Amino acid sequence: MLYSHVLVAVDLIEECREVADHAMKLAKALDAKLSLLHVVEPLAMAYGGDVPMDLSMLQQQQFEQAKERMQMFAADYGLPDDRLQIAFGHPRQEIHRVTEEQSCDLIGVGSHGRHGLALLLGSTANDVLHGAPCDVIAVRLGKKS
């Protein structure tokens, strides 16, 4: 079998449905297991790490909201809760960690694709690609048919 477990990294915005749709079709065609992962970044990372206040309560609320949004997002795909995961940390590291822990052999990510000499992959997709423990497929987001 080419791939047996596909892990799709989603940021839970509507645009990432393109990645999930593509991965769902691929998983069905390959008779592979499909899992979704969303990574909640620490607020201190988002603000440069020099935040002079306790953000733990806000971070917990962010985590709980991500769980709810993940369940709503995944409902359209009929995925059971054991195929949904919320991780806390740096996206690249967490995606790689979950990939190894769950023995995934393909990671799906979204890419905005830049024009001209700009990078073809966004920063998260590029980060995931480098050092990934398996193959990575980047689905071009927002492409015009």
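**Reading cysteines and salt bridges**

Mentor: Let's start with C104, which counts as buried at 8% relative accessibility. Keep in mind that this is a predicted model, where local features need pLDDT of at least 70 and side-chain atom pairs count only at pLDDT 80 or more, while totals for chains, interfaces and linings use all residues. Residues are numbered from 1 along each chain as its sequence is written, and side-chain values use heavy atoms, leaving out hydrogens and water.

Trainee: What does "buried" mean here?

Mentor: Buried is under 20% relative accessible area, exposed is over 50%, and partly exposed is in between (1.4 Å probe, protein chains only). C16 is another buried residue, at 5%.

Trainee: How many disulfides are there?

Mentor: A disulfide is a pair of cysteine sulfur atoms within 2.5 Å, and the count here is 0. For C104, the closest cysteine sulfur belongs to C134, but at 6.9 Å that's too far for a bond.

Trainee: And how many salt bridges turn up?

Mentor: Look for a Lys or Arg side-chain nitrogen within 4 Å of an Asp or Glu carboxyl oxygen; the whole structure has 5 such bridges. Take R97 and E94, whose N and O sit 2.6 Å apart. Both belong to helix α4 (residues 91–101), 3 residues or about one turn apart; helices are DSSP runs (H or I, at least four residues), numbered from the N terminus. R97 is partly exposed at 31%, whereas E94 is buried at 13%.

Trainee: Which residues do shared partners join into one network?

Mentor: E14, R17 and D76. Within that trio, R17 and E14 meet at 3.1 Å, N to O. R17 is buried at 17%, while E14 is exposed at 59%.

Key. Helices (H or I, at least four residues) and strands (E, at least two) are DSSP runs, numbered from the N terminus.
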